[in-house]
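Here is a short briefing to read beside the sequence and the 3D view. Keep both open as you go.

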Amino acid sequence: MTIDDNDCVVRFENIGFRYGLGPEILRDISFTLAPGSLHFLTGSSGAGKSSLLKLIYLAAKPSRGLITLFGRDIATTPRRDLPALRRRVGVVFQEFRLLHHLSAFDNVALPLRVAGTRENDIRKHVAELLGWVGLENHMNARPTTLSGGQQQRVAIARAVIARPKLLLADEPTGNVDDRMALRLMHLFEELNKLGTTIVIATHNESLVKRLGRSCLRLEEGQLEIGASAPNRAAMAAASGAGGAAKQAVGAAAGRPRGHAV
Ligand SMILES: Nc1ncnc2c1ncn2[C@@H]1O[C@H](COP(=O)(O)OP(=O)(O)O)[C@@H](O)[C@H]1O
Ligand SMILES: [Mg+2]
């Protein structure tokens, strides 16, 4: 299968979506995400943010309309090619979905192990990233012994460690304080600078206002596209120890590319 990285990362054309025989919760949704762009996805609870992300990471099929992912029409792409597309997408699930029999370290290491990264490199990169998200003292902890905010940070580290082409983060700062939220946003910004296209679903309007960037807003099943002014001072304050976030997400540069999980 060939994938052209110059194509739109995601394209929705007149998408409608319903669960089973229920009402259509997404209606006539059309947008494109250019390679290397970063967007917030907002809307009140129940507006359909998680459902829209599910359509992008191929966990649900639209009731109507056309979705292309990395330039491939999903409806006509052979089933055997879908896992390769899916592996290019990193997801931070709203409910984390960590593997409870594995330590925080091993949860984060998993995408690199799947990609065949050397164990020495894994140790270094995972420790660095877990340090950046403030979990250096919890690397060996099982997820069930961690707080919601700590589990959320493990989930974020797992989603970004292998530098996916597309990162979908569903309410990734819902369980942490404002200071940590800004720190995590800085991590996303650094990943974005390295070329990852990012969508961050959030109902935290103040965070969106503080950081600016493109904003996709869901309301009554429909999507409005806008932007708010960026606040670089807030981002600089969040960066804390200078280039550390950059180093944390850039660390895995030596591993094989195109195998993000
Ligand atoms: N698995 C499901 N089955 C049926 N309805 C669902 C399911 N998941 C979500 N919904 C409904 O779809 C709507 C959008 O939900 P969701 O996408 O989770 O919104 P958000 O993430 O913006 O809070 C809500 O009305 C919700 O109740
Ligand atoms: Mg949701």
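This is a predicted model: local features need pLDDT of at least 70, side-chain atom pairs count only at pLDDT 80 or more; totals for chains, interfaces and linings use all residues.

Helices (H or I, at least four residues) and strands (E, at least two) are DSSP runs, numbered from the N terminus. Residues are numbered from 1 along each chain as its sequence is written, while chains are lettered from A and ligands numbered from 1 in the order in which they are written.

**Helix α5**

- Helix α5 covers residues 148-160.
- Its 13 residues should span 18 Å, at 1.5 Å a residue. The expected span is 1.5 Å times one less than the number of residues.
- The end C-alpha atoms of α5 are 19 Å apart, which agrees with that span.
- A residue is buried if 20 or more other C-beta atoms lie within 10 Å of its own, exposed if 12 or fewer, and partly exposed in between; C-beta atoms are placed from the backbone.
- 10 of the 13 residues of α5 are buried, so the helix is largely enclosed by the rest of the structure.
- Among the buried residues of α5 are Q151, R153, I156 and V160.

**How the helices cross**

- Two packed helices are described by the angle between their axes and the distance between the axes.
- Axes are lines fitted to C-alpha atoms, for helices over the stretch in contact, and angles run from 0 to 180 degrees between N-to-C directions.
- Angles under 35 degrees count as roughly parallel, over 145 as roughly antiparallel, 65 to 115 as roughly perpendicular and the rest as oblique.
- A crossing is left-handed if the near helix is turned anticlockwise from the far one by less than a right angle, and right-handed if clockwise.
- The axes of α3 (residues 104-114) and α5 come within 7 Å and cross at roughly 25°. The two helices are therefore roughly parallel to each other.
- α3 passes α5 in a right-handed crossing.
- The axes of α3 and α4 (residues 119-132) come within 10 Å, and their crossing angle is roughly 125°. This pair is therefore oblique.
- The crossing of α3 past α4 is right-handed.

**The shell around ligand 1**

- A residue is near a molecule or strand if its C-beta atom, placed from the backbone, lies within 6 Å of it.
- The residues surrounding ligand 1 include Y19, I25, S45, K49 and S51.
- Helix α1 (residues 49-56) gives the most to this shell, with 3 residues.
- By class, the shell has 3 nonpolar, 7 polar and 1 charged residues. Ala, Val, Leu, Ile, Met, Phe, Trp, Tyr, Cys and Pro count as nonpolar, Asp, Glu, Lys and Arg as charged, and the others, Gly among them, as polar.

- D28 lies in strand β2 (residues 24-33). Its phi is near 50°, a positive value in a residue other than glycine.
- D28 counts as partly exposed because it has 15 C-beta neighbours inside 10 Å.
- E171 sits in the loop between β7 (166-170) and α6 (178-193). Its phi is also positive, at about 50°, although E171 is not a glycine.
- E171 counts as buried, with 20 C-beta neighbours inside 10 Å.

- L112 is buried, with 25 C-beta neighbours inside 10 Å. L112 and R163 are 51 residues apart in sequence and 9.8 Å apart in space, C-alpha to C-alpha.
- F12 lies in strand β1 (residues 10-18) and is buried, with 22 C-beta neighbours inside 10 Å. F12 and P62 are 50 residues apart in sequence, and their C-alpha atoms are 9.9 Å apart.
- S214 is in strand β9 (residues 213-219). It is partly exposed, with 17 other C-beta atoms within 10 Å.
- S214 and F40 are 174 residues apart in sequence but 6.2 Å apart, C-alpha to C-alpha.
- G226 belongs to strand β10 (residues 222-228) and is exposed, with 10 other C-beta atoms within 10 Å.
- G226 and F40 are 186 residues apart along the chain, with their C-alpha atoms separated by 9.9 Å.
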